[in-house]
Amino acid sequence: MQISFEWISTLSNLFIILNIVLAFFILFFERKTASSAWAWILILFFIPILGFILYLLFGKPLRRDRLKRPAAYENDDFEAMVDQQLKEIKSGESAISSPVAKEMKDIVQMNMVRTEAPLSTATDIIIYNDGANKFEALFNDIRQAQNHIHLQYFIMKDDDIGKRLLALLTEKAQQGVKVLFLYDDLGSRSLPKDFFEDLNRAGGRATAFLPAILSSINPRLNHRNHRKLVVVDGKVGYIGGFNVGDEYIGRKKEFGYWRDTHLRVEGEIVHSLQNRFFIDWNQAAAKYPMKYAENYFPKLDNKEGVPMQIVASGPLETHEDIKNGFLKMIHHARESIYLQTPYFIPDKSIMDALKTASLGGVDVQIMIPHMADHMFVHSATLSFVRELLPDGVKVYSYKNGFLHAKTLIVDEKAYTVGSANMDIRSFALNFELNAFVYGVEASRNMADTFFQDKKLSVELTEETFKNQTWLEKGKQDIAKLVSPIL
């Protein structure tokens with residue numbers, strides 16, 4: 001008994017020492033925000049053993065050497081396009097013809113410099129808010145594919161819609177179409193090991209991003225590829241919030257109707273989606289590298305259309321590029337800001353920007369889901385929107401199922417939509433991808449969907465929160481305290 005007690009005491013002292021060393025390391029060596037660092041230190045000292053394990057799983061930053069070295073990939077035309085546009089913008093010889101893009105030249109330039117995102121055009125943009133309609137369109141485009149199909153999803157499910165997609169991709173691979181599927185290993189963890197066997201046998205290829213070690217242990221839980229994109233024949237592209245699973249077409253009772261936002265685009269902008277897929281694929285699939293070929297970037301006769309940029313961000317970058325894009329758009333607003341997000345856990349810069357915009361007379365409206373898919377995260381979301389109400393921000397709770405849309409619309413002139421939520425995880429931890437769209441008609445079309453959703457929502461007011469129980473308020477306050485690591 002004495003030996004057992006001494007062993008427990010020694011182990012306990014060891015964890016205390018490790019906690020102190022780890023706390024010191026977090027404060028002085030790791031690149032974290034002050035709020036994130038102190039949140040982890042609180043966890044380490046209040047729940048020392050469990051906190052240490054949680055930090056190893058969720059808190060460690062991702063190093064570049066954790067990713068496989070990207071295979072050689074160069075697209076001279078793409079790089080030349082970015083360089084030429086930057087040169088013209090900086091010299092005052094504006095290559096930007098769109099009035100809205102000119103007005104937001106600083107956003108365009110920032111995205112070019114930071115993420116090498118050229119200003120391209122979409123000859124056609126279709127907004128999909130319903131999963132069934134989105135997948136019907138996607139399946140039709142896949143059926144018509146002649147050369148290649150490239151897909152990238154955070155979540156792929158072994159259910160009806162997932163099996164239908166896989167069967168169709170396998171059929172196209174058998175026809176000689178090159179099919180590549182990049183999926184996140186953690187997001188798609190429910191897939192059986194042999195799920196892609198038929199596709200691979202048919203000549204296609206599926207690869208996991210940051211796969212688990214020994215098939216079950218994944219020490220990189222906190223840095224996932226959250227992007228969703230599809231490119232068909234280099235001519236049609238998809239980007240947005242829908243993953244692949246039956247819940248995304250409203251077939252799961254716990255969620256009911258799934259309200260999301262996705263874009264189908266045609267035109268030169270598809271080349272930007274293709275470029276991003278090549279980069280991500282080569283990081284994940286070193287054995288099967290992709291190299292530039294003209295058939296992946298077909299020449300287009302018509303380059304007129306709606307100006308757009310495809311902006312990527314991730315934990316390996318020194319700047320939070322998509323968040324900075326959000327900030328720039330908010331600062332540009334003079335009349336209105338319409339925001340939809342399933343998770344609203346912003347940092348101080350976003351909170352201050354929304355508050356000052358509202359106080360300055362801008363109509364700021366935020367829509368969040370009434371239903372929670374993560375209770376703790378939803379509590380934190382409520383705590384943050386509650387803080388905005390005294391400054392005149394209007395908040396709406398969407399009640400017609402689950403709201404998963406991630407859109408920000410400014411002055412009905414420009415908007416962004418993609419995989420990034422308005423939270424710290426999307427800002428700094430996940431690999432994300434958003435489209436930034438500059439155009440009045442396109443933005444009004446997106447704003448119309450926001451107004452339609454308002455009819456299915458209830459407004460949250462200061463009185464709403466005053467009437468909550470002390471337990472509800474307590475949950476929100478605790479969730480907000482640890483929000484920097486959610």
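Which residues do ring pairs link into a cluster? They are Tyr153, Phe181, Tyr183, Phe195 and Phe196. Rings of Phe, Tyr and Trp (its six-membered ring) pair if their centres lie within 6.5 Å; planes under 30 degrees apart count as stacked, over 60 as edge-to-face and the rest as tilted. This is a predicted model: local features need pLDDT of at least 70, side-chain atom pairs count only at pLDDT 80 or more, and totals for chains, interfaces and linings use all residues. Residues are numbered from 1 along each chain as its sequence is written, and side-chain values use heavy atoms, leaving out hydrogens and water.

**Aromatic pairs**
- The whole structure holds 19 aromatic pairs.
- Phe255 and Trp258 pair edge-to-face, at 5.3 Å centre to centre and 80° between the planes.
- Trp258 and Phe402 form a tilted pair, with 5.0 Å between centres and 55° between the planes.
- Trp258 lies in strand E8 (residues 258-266) and Phe402 in strand E14 (residues 402-403), so this pair ties together parts 144 residues apart in sequence.
- Strands (E, at least two residues) are DSSP runs, as are helices (H or I, at least four), numbered from the N terminus.
- Both Trp258 and Phe402 are buried, meaning under 20% relative accessible area; exposed is over 50% and partly exposed is in between (1.4 Å probe, protein chains only).
- Phe255 is buried too.

**Charges over rings**
- Arg205 lies over the face of Tyr288, 4.1 Å from the ring centre.
- Lys480 lies over the face of Phe384, at 5.1 Å from the ring centre.
- The test requires NZ of Lys or CZ of Arg within 6 Å of the ring centre and within 35 degrees of the ring normal.
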